[in-house]
Amino acid sequence: MIRLLNVLAIVGLIGSAVYAYSIKYDTLYQAGQVSKLKTALHKERQAIAVLRAEWQLLTRPDRLQAAVERHLTLEPIGDGHLARLSDLPNRPDRGDEIGRLLASTATPTATPKDKPASARDEPRTTGSVTTRTVSTRPPAVSR
């Protein structure tokens with residue numbers, strides 16, 4: 001019995017050592033991955049800083065002004081380029097469109113007593129719901 005306990009203790013000790021070493025090497029691998037990612041992040045931040053510096057260099061007002069004078073034939077804005085409000089065409093009078101729509105679609109309102117019995121018995125809904133029966137059988141063919 002004591003030998004069995006000794007053997008079990010030794011097997012447990014070896015198992016825990018293997019587990020500890022596997023955890024250690026996994027931790028070292030993960031630390032290496034973190035280090036590589038930090039290095040890549042630092043390089044990307046440096047590249048972004050270089051791109052921002054280049055953008056600031058390219059968008060300097062004096063450089064842009066020189067490029068405009070060299071490549072574009074622009075002239076100053078004068079009174080001839082501006083329009084007066086009276087030069088704009090008048091807006092067409094559309095009238096009361098909503099009133100016309102309501103008048104064209106309006107029908108005399110019927111009281112519940114005036115409605116047919118089938119319409120009175122239907123439940124009230126907030127939207128228009130139409131029910132339709134669809135047959136899944138093919139139509140009968142007559143010979």
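The accessible surface of the chain is about 14900 Å² (Shrake-Rupley method, 1.4 Å probe). Carbon and sulfur atoms account for 61% of that surface. Of the 143 residues, 1% count as buried. Buried means under 20% relative accessible area, exposed over 50%, and partly exposed in between.

This is a predicted model: local features need pLDDT of at least 70, side-chain atom pairs count only at pLDDT 80 or more, and totals for chains use all residues. Residues are numbered from 1 along each chain, and side-chain values use heavy atoms, without hydrogens and water.

The chain holds four helices and zero strands, in the order α-α-α-α. Helices are DSSP runs of H or I with at least four residues; strands are E runs of at least two.

Helix α1 spans residues 2-58 and includes L5. The structure has one aromatic pair (ring centres within 6.5 Å). Y21 and Y25 make this pair, stacked at 6.5 Å centre to centre with 25° between the planes. Stacked means planes under 30 degrees apart. Y21 and Y25 are four residues apart in helix α1, so about one helical turn separates them.

There are three salt bridges (Lys or Arg side-chain nitrogen within 4 Å of an Asp or Glu carboxyl oxygen).

| Salt bridge | N to O distance | Relative accessible area |
|---|---|---|
| R60 and D62 | 3.2 Å | R60 35%, D62 51% |
| R84 and D87 | 3.5 Å | R84 59%, D87 47% |
| R94 and E97 | 3.4 Å | R94 54%, E97 37% |

D62 is exposed, whereas R60 is partly exposed. R84 is exposed; D87 is partly exposed.

Terms used
Rings of Phe, Tyr and Trp (its six-membered ring) pair if their centres lie within 6.5 Å; planes under 30 degrees apart count as stacked, over 60 as edge-to-face and the rest as tilted. Buried means under 20% relative accessible area, exposed over 50%, partly exposed in between (1.4 Å probe, protein chains only).
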